[in-house]
Amino acid sequence: MVSHGNKVLWVPAAEQLAGLGNPGQWVNTAEACFLPSDVAVPEAVVNVARRAGLLIPELPDHAFQKLIKAGQMQAVTAAARDDFQLTFLSASNMRQALRSKGNIVKPSEISAVLSYVISDDKFEDLHDLHLILLSDNTVKQIKWNSPGSSKFFVFTDPESRRIFDLMAANKHQLVEHAPAWAAMSRAKHKGVSLLESKSLNVLAPTVRDLANSLPSAWKGSICDQSWNSGRCHPSQRWLNDFWTLASRSMSALPAELHSFVLVPITGNRLASQAHCRDTQALGYAQLRSWSETAAATLSAIGCLCIADARADIVVSDLYGNEPITTALDNLASRTEMPLQQLVAPGRVSNGTLQQARALLAFHVDAPRGNAAPVWRILKQCSVFEDDRSDTSVKYHCLPSGQLGLLPDAGWEAYMAKLGQLLPWSPIKYHTASNTQRQLLKHSGMKSPSMHDFLCNSLVPAINDNSTTNSAEPLLLHILDVLALHTDQTISPLSDILITGRLLPISRCVDSTSPLFRSLFSKHNASGYTLLPDVYATPQRLAALKRHSLAHEGSPDPDFFLECGQRFSELSSSQSTSRDDTKRLSRSLVNMLHANVSAYQRVTAWTHIKAQISAQSSKKQSFTSLTRAAAAAAASKHLCLWQTAQTMATTAWWLLQSL
């Protein structure tokens with residue numbers, strides 16, 4: 001056996017020494033540094049180890065095995081190796097040797113050596129090793145926890161390479177890629193990647209590093225300049241590369257980038273994420289889903305609109321169901337201008353208003369839970385159809401105060417007149433465009449029933465504005481509507497407008513009756529007025545009769561007495577012919593006969609019932625009628641006396657004609 005102290009092991013010289021005529025040296029086992037039998041060590045690592053002063057002998061494998069069997073190195077295993085006095089090459093003694101020798105590793109050897117010295121994960125022991133190979137082939141020292149040392153960057157995957165490419169290359173030196181750096185990027189230190197922990201002076205580029213590399217001139221809120229210059233803002237090429245990276249690897253921009261003008265917005269402008277969020281910018285993809293003109297329309301109004309779908313990540317979490325109305329509300333608050341001025345004729349073109357109303361109508365058409373916030377914003381915008389009847393299309397915002405819809409399309413022909421009378425502002429809906437109806441869909445308002453509209457709104461408003469001449473068309477339309485609803489009466493409808501004055505319907509007379517035209521055609525002090533022809537259509541008369549119009553079938557005995565009085569005056573007048581008097585008397589008796597049942601319900605008719613029932617007999621005499629009148633007078637029933645007296649007078653004229 002070879003003695004432990006005998007120099008029987010040959011150690012070849014390192015390349016530098018061999019070139020100087022030094023072929024190597026003999027060493028004993030205590031001086032030697034053996035290669036481990038269970039781990040293959042790359043030849044480049046062995047050469048560097050010998051160069052660093054580690055005496056690694058050349059020993060054939062069969063000789064090494066004989067030494068083991070001879071008991072010189074019993075149980076040489078990975079687990080028990082440290083119990084022996086013999087030295088084996090390891091990452092630890094390799095690092096120590098390299099640190100003592102300085103910069104002795106060739107650039108071509110650095111990759112292999114670096115992989116070897118980190119194989120035990122003792123990364124903190126890499127300090128001061130010359131194992132950083134830069135892209136220009138220079139070698140630098142690794143530093144651990146040295147804040148003031150130079151920083152170098154290495155990309156370990158495509159993402160870090162893209163980040164580095166976006167950084168200013170003249171300020172950041174790039175480390176040549178090696179497998180060891182990728183392994184260190186996967187290792188964890190303080191909960192993050194080793195190459196992101198800042199413990200080493202070799203870093204994998206992160207977005208934070210990118211932000212630190214950007215010129216401070218790129219910070220701001222919004223930039224209106226062309227993209228061609230990169231002095232105060234990024235160039236278009238740089239932006240395209242940046243957003244390609246962001247769309248692939250970021251769900252949101254890191255806080256370090258929020259103040260830089262990196263977000264493309266409409267109008268060839270750039271804005272910072274902070275500004276986009278402060279102004280409630282609208283996302284590109286969302287805008288495109290509404291219409292191709294949405295971005296241009298909202299930009300013309302003053303909203304901020306993102307111009308690149310990849311940049312939508314800066315606002316993707318801002319909006320709920322109401323992005324447009326939220327943006328408009330924010331715009332009004334930010335500019336301290338009411339929406340009545342922001343979305344209004346004069347400030348934006350008519351074409352923009354048309355596009356805005358179509359966009360808002362599309363936006364609010366989907367079902368929503370609470371319509372109040374949407375409606376609050378919408379009614380301030382000048383996107384509702386004007387109610388004037390001129391041919392040009394105009395838009396306006398809705399007036400403040402109470403708003404309401406009309407019962408049906410027929411009433412919307414009177415929008416201007418209704419607007420003057422009603423205590424609330426009517427909105428066109430039934431005859432409006434589909435866009436208008438969509439805008440109003442979520443207002444929470446409903447069209448009232450015809451009965452409620454007339455009873456609670458329109459008729460009381462007409463009664464309160466008796467001098468308004470514009471009420472007559474409305475009254476005529478009310479009567480036309482009531483003619484279609486024969487079962488309805490409107491309790492407040494007690495007056496109609498005649499020659500500019502509101503007169504009680506009960507004091508108006510059916511002008512289609514020949515009897516009444518004769519009795520009431522001349523001026524009289526009775527208080528009854530013939531209906532103007534405009535009210536005297538069959539449909540309107542039918543509606544008026546349900547509302548107490550005086551007519552031949554009127555159940556009011558007072559009106560009949562008034563007719564008798566008018567007849568008495570006419571019959572005593574020399575201008576009334578005998579034939580006219582006979583004709584009128586016959587008509588008046590017929591009216592009395594036709595309404596006996598009605599008059600009986602409101603007078604003490606029983607005293608003259610017998611005389612009335614016999615009135616049509618040719619034997620009826622003037623004396624019997626006057627006797628009835630006397631009986632009525634004796635019973636002190638003035639109404640009966642007047643009725644009997646009228647009947648006696650008219651019957652007398654009637655008998656003269658038989």
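Does Phe 362 count as buried, partly exposed or exposed, and at what relative accessibility? Phe 362 counts as partly exposed, at 44% relative accessibility, where buried means under 20% relative accessible area, exposed means over 50% and partly exposed lies in between, with a 1.4 Å probe and protein chains only. The model is predicted, so local features need pLDDT of at least 70 and side-chain atom pairs count only at pLDDT 80 or more, while totals for chains, interfaces and linings use all residues. Residues are numbered from 1 along each chain as its sequence is written, and side-chain values use heavy atoms, with hydrogens and water left out.

**Helix α15**

- Phe 362 lies in helix α15, as does Arg 357, the helix spanning residues 350–364; helices (H or I, at least four residues) and strands (E, at least two) are DSSP runs numbered from the N terminus.
- Arg 357 counts as buried, at 7% relative accessibility.
- Leaving aside neighbours within four places in sequence, Arg 357 is in contact (heavy atoms within 4.5 Å) with Val 383, Phe 384, Glu 385, Tyr 395, Ser 433, Thr 435, Gln 436 and Leu 439.
- With the same exclusion of neighbours within four places, Phe 362 is in contact with Ser 289 and Trp 290.
- The C-alpha atoms of Phe 362 and Thr 435 are separated by 8.0 Å, although these residues are 73 residues apart along the chain.

**Three-stranded sheet**

- An open sheet of three strands has the order β12-β14-β13 with antiparallel pairing, two strands being paired if DSSP finds at least two bridges between them.
- Because β12 (222–223) and β13 (261–265) stand at the edges with a single partner strand each, one side of each is left without a neighbour in the sheet.
- Helix α9 (residues 236–249) packs on the sheet, touching β13 and β14, and its direction makes about 95° with that of β13, where axes are lines fitted to C-alpha atoms, for helices over the stretch in contact, and angles run from 0 to 180 degrees between N-to-C directions.
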